[in-house]
Amino acid sequence: LGIIATGSFDQLKAQGHISQAYLDAAMANTPLRGFGSAQDVAEAVCWLASEKAKFVTGQVICVDGGFHI
C-alpha cells in the first residue's frame, strides 16, 4: 500500500511524527498526486474477491497512486 490517509497515519501526523517535508516529498513522488483512502483499499479488495477477478493469479495489486512506478 501507499500512504493511506486514515487510522494510524492520521494519528502519527497529528502527533508530529510525520513532517510536512515528508508529506510534500511523498505527494510529489506519487504520480496521482494524492494519498489513498480506506475506500481505495476496500475497492481493490472487493474487486479481488469478486467474480470479475476469478482468473487473476499471482499478481501484486499496488494501491499506491503509482508510487511504485
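The model is predicted, so local features need pLDDT of at least 70 and side-chain atom pairs count only at pLDDT 80 or more, while totals for chains, interfaces and linings use all residues. Residues are numbered from 1 along each chain as its sequence is written, and side-chain values use heavy atoms, leaving out hydrogens and water.

**Confidence**
- The protein chain has an average pLDDT of 92, and 100% of the residues score at least 70; pLDDT is the predictor's confidence in each residue, from 0 to 100.

**Around Asp-64**
- Asp-64 sits in the segment after α3 (38-49); helices are DSSP runs (H or I, at least four residues), numbered from the N terminus.
- The backbone nitrogen of Gly-66 is reached by the Asp-64 side chain at 3.0 Å.
- Beyond neighbours within four places in sequence, Asp-64 is in contact (heavy atoms within 4.5 Å) with residues including Thr-30.

**Thr-30**
- Thr-30 lies in the loop between α2 (20-28) and α3.
- Thr-30 counts as buried because its relative accessibility is 4%.

**Cysteines**
- There are 0 disulfides, a disulfide being a pair of cysteine sulfur atoms within 2.5 Å.
- The sulfur of Cys-46 is 18 Å from the closest cysteine sulfur, in Cys-62, so it is too far for a bond.

Methods: Helices (H or I, at least four residues) and strands (E, at least two) are DSSP runs, numbered from the N terminus. A polar contact is a pair of N or O atoms within 3.5 Å; within protein, one must be able to donate a hydrogen and the other to accept it, and residues adjacent in sequence count only if both atoms are side-chain atoms. Buried means under 20% relative accessible area, exposed over 50%, partly exposed in between (1.4 Å probe, protein chains only).
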